[in-house]
Amino acid sequence: MRKKVVLNNGDIAVITPASVESAVELVGYMNLIGGESDNFIFGLNEFRVSVEDQTEMLANMKPTSLTQIFIAKVEGEIVSQGELTFCNRARTMHTCSLAISVRQDKWGVGLGSKMMKYLIDYVKSKRFVKIIFLEVRADNWQAIGLYEKYGFIPTGRKENNLRVEGEFFDTTLMQLYL
């Protein structure tokens, strides 16, 4: 499912499932974004997936895989990543978790919104999923605003769930009912 989208600054982004060919760049992207914001669960160069492991994961990723990874590229560079993890147990298979990131130089141009819509539409195509859930740092108002725009509601909180440079931060749990 390849989709071209026009961003607010006129850039054209292409959103596609990640492929083996994007493994090296994807690992580099993840290590980079960890240093751009304290809102992630890892910091600069702390993404603990090797290029070899990422390549293997992407090589084995099929439309029926429990984890689906998507990327957005502008001018051939990864600028956003989205990940969906589906549950395969009978009691939880109606749920899916979502994670999204946008490279800092593309904040504020609508890329997060375009990627979020793409991911939600993908989940909706899986008719058995009824709930998408995610977790966000409780003071990340920009991300929370994006999630609320798409209908996510807060459903819980984890106190002191993130520790950044010795300081603790809460995370908010959010869900979208499809």
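**Loops, helices and cores, one question at a time**

User: Is Glu75 buried or exposed?
Analyst: Glu75 has 75% relative accessibility in this predicted model. The cut-off for exposed is over 50%. With a value like that, Glu75 is therefore exposed.

User: Where does Glu75 lie?
Analyst: Let's start with its backbone: phi of Glu75 is near 50°, a positive value in a residue other than glycine. Most residues other than glycine have a negative phi. As for its place in the chain, Glu75 lies in the loop between β3 and β4.

User: What is the phi of Asn45 near?
Analyst: Asn45 lies in the loop between α1 and α2. Its relative accessible area is 53%, so Asn45 is exposed. Asn45 isn't a glycine, yet its phi is positive, near 60°.

User: How many Å separate the C-alpha atoms of Glu21 and Ala59?
Analyst: Glu21 is found in the loop between β2 and α1. At a relative accessible area of 72%, Glu21 is exposed. Along the chain, Glu21 and Ala59 are 38 residues apart, and their C-alpha atoms are separated by 9.3 Å.

User: Are α1 and α2 parallel or oblique to each other?
Analyst: Two packed helices are described by the angle between their axes and the distance between the axes. Here α1 covers residues 23-33 and α2 covers residues 51-60, and their axes come within 9 Å and cross at roughly 120°. Roughly perpendicular ends at 115 degrees and roughly antiparallel begins over 145. The angle falls between those limits, so α1 and α2 are oblique.

User: Which residues in α2 meet α1?
Analyst: The crossing of these two helices, α1 and α2, is right-handed. By class, their contact has six nonpolar, two polar and no charged residues. On the α1 side you'll find Ala23, Val24, Leu26 and Val27, and they meet these residues in α2: Val51, Gln54, Thr55 and Leu58.

User: What do the buried residues of α1 pack against?
Analyst: Look for the buried residues of α1: Ala23, Leu26, Val27, Tyr29, Met30, Asn31 and Ile33. Now follow what those side chains face. The buried residues of α1 pack against α2, β3, β4 and β5.

User: How far apart in space are Ser80 and Leu111, C-alpha to C-alpha?
Analyst: Ser80 sits in strand β4, and with a relative accessible area of 0% Ser80 is buried. Setting aside residues up to four places away in sequence, Ser80 touches Tyr29, Phe70, Ile71, Ala72, Ser101, Val102, Leu111 and Met115. So one of its contacts is Leu111. Ser80 and Leu111 are 31 residues apart in sequence, but C-alpha to C-alpha in space they are 7.6 Å apart.

User: Is Gln68 buried or exposed?
Analyst: Gln68 lies in strand β3. Beyond its neighbours within four places in sequence, Gln68 is in contact with Met61, Lys62, Pro63, Gly82, Glu83, Leu84, Phe86 and Tyr122. The cut-off for buried is under 20% relative accessible area. Gln68 comes in at 4%, so Gln68 is buried.

User: Which element gives the most to the largest nonpolar core?
Analyst: The largest nonpolar core has 34 residues, and those with the most contacts inside it are Leu84, Leu98, Leu111, Met116, Leu119, Tyr147 and Phe152. At least two residues come from each of β2, β3, β4, β5, α3, β6, α4 and β8. With eight residues, the element giving the most to this core is α3.

User: Which residues is Leu98 in contact with, leaving aside its neighbours within four places in sequence?
Analyst: Leu98 is one of the residues with the most contacts inside the largest nonpolar core. Skip its neighbours within four places, and Leu98 is in contact with Glu83, Leu84, Met116, Leu119, Ile132, Phe133 and Leu134.

User: At roughly what angle do the axes of α3 and α4 cross?
Analyst: The crossing of α3 and α4 is right-handed. Their contact is made by Gly112, Ser113 and Met116 of α3 and Leu146, Tyr147 and Lys149 of α4. By class, that's three nonpolar, two polar and one charged residues. The two axes come within 10 Å and cross at roughly 40°.

How values were computed
Residues are numbered from 1 along each chain as its sequence is written. This is a predicted model: local features need pLDDT of at least 70, side-chain atom pairs count only at pLDDT 80 or more; totals for chains, interfaces and linings use all residues. Side-chain values use heavy atoms; hydrogens and water are left out. A nonpolar core is a set of buried Ala, Val, Leu, Ile, Met, Phe, Trp, Tyr and Cys residues joined through side-chain atoms within 4.5 Å. Buried means under 20% relative accessible area, exposed over 50%, partly exposed in between (1.4 Å probe, protein chains only). Helices (H or I, at least four residues) and strands (E, at least two) are DSSP runs, numbered from the N terminus. Contact means heavy atoms within 4.5 Å. Axes are lines fitted to C-alpha atoms, for helices over the stretch in contact, and angles run from 0 to 180 degrees between N-to-C directions. Angles under 35 degrees count as roughly parallel, over 145 as roughly antiparallel, 65 to 115 as roughly perpendicular and the rest as oblique. A crossing is left-handed if the near helix is turned anticlockwise from the far one by less than a right angle, and right-handed if clockwise. Ala, Val, Leu, Ile, Met, Phe, Trp, Tyr, Cys and Pro count as nonpolar, Asp, Glu, Lys and Arg as charged, and the others, Gly among them, as polar.
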